[in-house]
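Here is a short report for a reader meeting this structure for the first time. Keep the sequence and the model side by side while reading.

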Amino acid sequence: MTDSAKSRPRRLGLATGLAMGIAWVICVIFVALVPGPTLALFGWMLHFDLSPFVWALDVTGVIVGGLAWVVFSGLFVWLTAAIYEALR
């Protein structure tokens with residue numbers, strides 16, 4: 001694997017983590033501003049009735065949840081890209 005091919009999984013993982021961080025912030029804004037319609041939208045996306053549930057939006061949850069999405073999505077995409085490059 002060339003140096004360029006070795007850096008691709010890392011760059012893709014970092015880009016994915018950054019994109020998920022941005023998506024998380026946008027999601028938090030929607031939940032804070034329009035919680036009812038956002039919950040309905042997520043229910044439609046999951047094919048699940050979420051009406052009995054309520055949002056739990058606090059600072060700790062926003063920070064920890066956001067970090068978890070960034071780290072785990074970045075690692076997952078890095079692993080996927082690394083396997084892809086190894087199979088080439």
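A residue is called exposed when its relative accessible area is over 50%, buried when that area is under 20%, and partly exposed in between. His 47 has a relative accessible area of 73%, so His 47 is exposed.

## Confidence

The model is predicted. The chain has a mean pLDDT of 92. Of its residues, 94% reach 70 or more. Helix H3, residues 59–87, has the highest confidence, with a mean of 95. Helix H1, residues 3–33, has the lowest, with a mean of 91. Where pLDDT is low, the predicted coordinates should not be read in detail.

## The loop residue His 47

Return to His 47. Where is its place? His 47 is in the loop between helix H2 (35–46) and H3. Its phi is near 55 degrees. That is a positive value in a residue other than glycine. Most residues other than glycine have a negative phi.

## Salt bridges

How many salt bridges does the structure hold? There are two. In one, Glu 85 pairs with Arg 8, and the closest N and O atoms are 3.5 Å apart. This pair links distant parts of the chain: Glu 85 sits in helix H3 and Arg 8 in helix H1, 77 residues apart. Glu 85 also forms a salt bridge with Arg 88, where the closest N and O atoms are 3.6 Å apart. Together, Arg 8, Glu 85 and Arg 88 are linked in a network of salt bridges. Side chains of opposite charge can pair when their charged atoms come close.

Is Glu 85 buried or exposed? Its relative accessible area is 11%, so Glu 85 is buried. Arg 8 is partly exposed, because its relative accessible area is 31%. Arg 88 has a value of 61% and is therefore exposed.

## The largest pocket

The largest pocket holds about 220 Å³ of space. H1 and H3 are the elements that give two or more residues to its lining. Which element gives the most? H1 does, with four residues. Among the lining residues are Trp 24, Cys 27, Val 28, Val 31 and Phe 42. The lining also includes Trp 55, Ala 56, Leu 57, Asp 58, Gly 61 and Val 62.

Val 31 is found in helix H1. Val 31 has a relative accessibility of 6%, so Val 31 counts as buried. Val 31 and Trp 55 are 24 residues apart in sequence, and their C-alpha atoms are 7.6 Å apart in space. Cys 27 is also found in helix H1. Cys 27 counts as partly exposed, because its relative accessibility is 22%.

## Pairs across the chain

How far apart in space are residues that are separated in sequence?

| Pair | Apart in sequence | Apart in space |
|---|---|---|
| Val 31 and Trp 55 | 24 residues | 7.6 Å |
| Cys 27 and Val 70 | 43 residues | 13 Å |
| Ala 40 and Ser 73 | 33 residues | 24 Å |

Ala 19 is in helix H1. With 43% relative accessibility, Ala 19 counts as partly exposed. Ala 40 is in helix H2. The relative accessible area of Ala 40 is 30%, so Ala 40 is partly exposed.

## A nonpolar surface patch

Which residues make the nonpolar surface patch? They are Leu 18, Ile 22, Val 25, Ile 26, Ile 29, Phe 30, Leu 33 and Val 34. The patch covers about 770 Å². Phe 30 is one of its members. Phe 30 is found in helix H1. Its relative accessible area is 47%, so Phe 30 is partly exposed.

Terms used
Residues numbered from 1 in each chain as written. Predicted model: local features only at pLDDT ≥ 70, side-chain atom pairs only at ≥ 80, totals over all residues. Heavy atoms only, no water. pLDDT = per-residue confidence, 0-100. Patch = residues over 30% accessible without salt bridge, like charges linked within 9 Å, V, L, I, M, F, W, Y side chains within 5 Å. Areas by Shrake-Rupley, 256 points an atom, 1.4 Å probe, with all protein chains shown as cover. Salt bridge = Lys/Arg side-chain N within 4 Å of Asp/Glu carboxyl O. Buried < 20%, exposed > 50% of the residue type's maximum accessible area, 1.4 Å probe, protein only. 1 Å grid on protein atoms, 1.4 Å probe; cavity = no way out; pocket = protein on both sides within 12 Å on 5 of 7 lines; lining within 4 Å. Points joined across faces, edges and corners; volume = space filled by probe spheres on them.
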